[in-house]
Amino acid sequence: MEPFTCVDLFSGAGGLSKGFLDAGYHVVLGVDHDKAALETFRRNHGDAEAMDLDLFDHENIDKIVEYIDGKGIELDVLIGGPPCQGFSYAGAMDINDKRNFLYLAMVELTQRLKPQAVLIENVLGMLEARKGAGAERIIKDFEKIGYELVPKLLFAPDFGIPQIRKRVFFVGLRDSNVKFRFPDATCRPEDYVTCEQAIGDLPSLQTEEGEILRGEAVQDYSTPPLSDYQRKMREHSDKVYNHVGSIPIEKTKKMIALVPEGKNYLSLPEEYRRLYKYHEALTRYHSKKPSLTINTGHRSHFHYKYNRIPTVRESARLQSFPDDFLFSGNQSQQYKQVGNAVPPMLGQVLAEALKSYLKRPGDGHEI
């Protein structure tokens, strides 16, 4: 039986499409405008093609259509996470930010390729900011071309991901008389995967005297897996990759050493506290809780035990990337790829749920 096909627009490194790949879909193409991210996508998605295209320019959509048509592919699902920084609480919240309109490339491609389903991921502000103006705009534009999108806020720890991350997903079915029903949570709050359960088996990159090390590009695991989650992450890997430490400056090392587990700069003595303004500055993760939302490398989050920021591999683990998913580019580019990604395990949950709404040629099942 042929697998359902999938194209990932604004793919980045391909966290969302990695979830679809793990659910048994054939990921045929990823499109982005970030060379390092596309190299990561290319090396982790089997035979999928990767295209470097600027989707502000809608003429580039022709190239995608030509590729899909040239391969004779009937597209089943179009997925993507178009940047919408104007709705991000981390930014200036400018509803007219031109990046808010990149989703229109997905609208046009959907109209031309007519996939059975569309899945879009975006920031929480899409539903909350400006009375949900961003979400309303996306829903209306897809409704015009025959797709009724259902929005849903999903909380990553509810699906076994060791990270406090809230994101909005939209799923729409083509000319359907049924609406997509999002899957229920698979994990209860008392069973959330913690930071320690996620990354506690990775090499410490610290000497017994407390000196921080950079480590090697490829390393051995320091212990057997210590949790079911670690076992899952290590299933197809016998080495540790992308686990290179960043050695903090002396001032930062001194400050973070004063911050208890689960606290931030507000726990510093008054004379030091005034040095920091950013509300997440010097945030140390808590070993018995999921991490905060993985960012793109702002260097404000620290390991729950060691006086350093999490490595790319530790951040990837907290995002649910398995250890055999290898990141390309320099360290800064890798952090950006991890922080911008959709957790693959969340993508897989949605991909599995979507299967029951898709039809195969001649099976008589109408969506």
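Modeller: Rings of Phe, Tyr and Trp (its six-membered ring) pair if their centres lie within 6.5 Å; planes under 30 degrees apart count as stacked, over 60 as edge-to-face and the rest as tilted. This is a predicted model, so local features need pLDDT of at least 70, side-chain atom pairs count only at pLDDT 80 or more, and totals for chains, interfaces and linings use all residues. Residues are numbered from 1 along each chain as its sequence is written, and side-chain values use heavy atoms, with hydrogens and water left out.

Biologist: How many aromatic pairs does the structure hold?

Modeller: Ring pairs link F4, F20 and Y25 into a cluster. F321 and F327 also pair, edge-to-face, 5.2 Å centre to centre and 80° between the planes. The structure's aromatic pairs number nine.

Biologist: Why is the pair of F155 and Y192 edge-to-face?

Modeller: F155 lies in strand 6 (residues 147-155), and Y192 in the loop between strand 7 (166-174) and helix 7 (195-199). Strands are DSSP runs (E, at least two residues) and helices are too (H or I, at least four), numbered from the N terminus. The ring centres are 6.1 Å apart, and the pair is edge-to-face because the planes stand at 70°.

Biologist: Is Y192 buried or exposed?

Modeller: Buried means under 20% relative accessible area, exposed over 50%, partly exposed in between (1.4 Å probe, protein chains only). Y192 has a relative accessible area of 17%, so Y192 is buried.

Biologist: Which residue has its charged end over the ring of F155?

Modeller: A charge sits over a ring if NZ of Lys or CZ of Arg is within 6 Å of the ring centre and within 35 degrees of the ring normal. Here the charged end is 5.9 Å from the centre of the F155 ring, and the residue is K166.
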